[in-house]
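Here are some notes to go with the model, written for someone opening it for the first time.

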Amino acid sequence: MSVHTPIQNWGIRMTMHDPIAQPSAAGRWQTLKVLTAGTHETLDKRIMAARPFENQERYALFLVIQHRFHQAIDTYYDDATLNALIEDLSRRKRLDLIAQDLADLGKMLPSPSEPADAVDPAEKLGWIYVAEGSNLGAAFLLKAAAAIGLNAAHGARHLAAHPDGRGKHWRSFTTVLDSLAFSPEQDDLVCQGAVKAFQYVHRLTDETYDAMAG
Ligand code: HEM
């Protein structure tokens with residue numbers, strides 16, 4: 001895909017008639033949020049339709065999706081260029097917490113999925129936006145997990161708020177995200193990364209739940 005591929009051609013729910021969907025002078029974070037709102041919503045619905053909080057066995061499948069996604073992008077958090085821009089980036093990883101959640105439930109680590117294919121740091125940042133944002137929505141998931149006996153110290157560690165506070169931790173990320181002096185080409189790559197990340201998680205979700213049904 002060319003870096004100049006127009007945003008409205010990426011298969012995301014955006015049209016030329018949607019006034020908020022137009023590329024604009026909005027900040028980078030808002031652009032990513034609007035760009036991925038449709039794919040986030042269908043992912044959220046797909047996961048909730050699989051009733052991940054009905055019991056711990058079903059929740060473990062959600063952990064498999066999370067582990068495979070976070071493993072696929074683990075090295076992105078170590079990218080030297082990005083770490084020079086985002087001071088706490090490598091400390092934001094949650095892969096180990098997901099692994100501990102699986103261990104709490106007596107589950108083995110899942111086999112890795114195919115590695116994510118971003119090369120440019122700007123595109124990696126788009127993937128990281130998706131992983132970081134998912135921790136914001138995790139406030140809701142943590143509450144649901146309590147109903148099946150899980151909490152921030154057992155089985156739902158990766159859904160816990162950061163010690164700094166969930167909102168504050170997220171805002172510190174989006175503030176840096178918005179402040180980066182990127183070229184239009186780099187901005188396109190950030191968007192492509194976020195779109196691809198959601199597509200990747202959709203695919204993992206389908207694979208995981210289809211295997212359960214089969
Ligand atoms: C059942 C599953 C999910 C539910 C119910 C859910 C729910 C939510 C909610 C309520 C928010 C907004 C939180 C706020 O503004 O305070 C949010 C944000 C977000 N979620 Fe999810 N989410 C789910 C799964 C996921 C997954 C699997 C991913 C990606 C791997 C993801 C990525 C994001 C991102 C990137 C944001 C930040 C959007 C932004 O403000 O820029 N979510 N989610």
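**Notes on the salt bridges**

1. Let's start with Asp-210, which is partly exposed at a relative accessible area of 47% (buried means under 20%, exposed over 50%, partly exposed in between, with a 1.4 Å probe and protein chains only). Before going on: this is a predicted model, where local features need pLDDT of at least 70, side-chain atom pairs count only at pLDDT 80 or more, and totals for chains, interfaces and linings use all residues. Residues are numbered from 1 along each chain as its sequence is written, and side-chain values use heavy atoms, leaving out hydrogens and water.

2. Asp-210 meets Arg-46 in a salt bridge, 3.5 Å from N to O (a side-chain nitrogen of Lys or Arg within 4 Å of a carboxyl oxygen of Asp or Glu). This pair links distant parts of the chain, helix α7 (residues 184-213) for Asp-210 and helix α1 (residues 28-49) for Arg-46, 164 residues apart. Helices here are DSSP runs (H or I, at least four residues), numbered from the N terminus. Arg-46 is partly exposed too, at 27%.

3. Asp-206 joins in as well: together with Arg-46 and Asp-210 it belongs to a network of salt bridges.

4. Next, have a look at Asp-78 and Lys-93, whose closest N and O atoms are 2.9 Å apart in a salt bridge. Asp-78 is in the loop between α2 (56-72) and α3 (80-85), and Lys-93 in the loop between α3 and α4 (95-104).

5. Arg-157 and Asp-101 also form a salt bridge, at 4.0 Å. Asp-101 is buried, at 0%, whereas Arg-157 is partly exposed, at 22%.

Notes
Helices (H or I, at least four residues) and strands (E, at least two) are DSSP runs, numbered from the N terminus.
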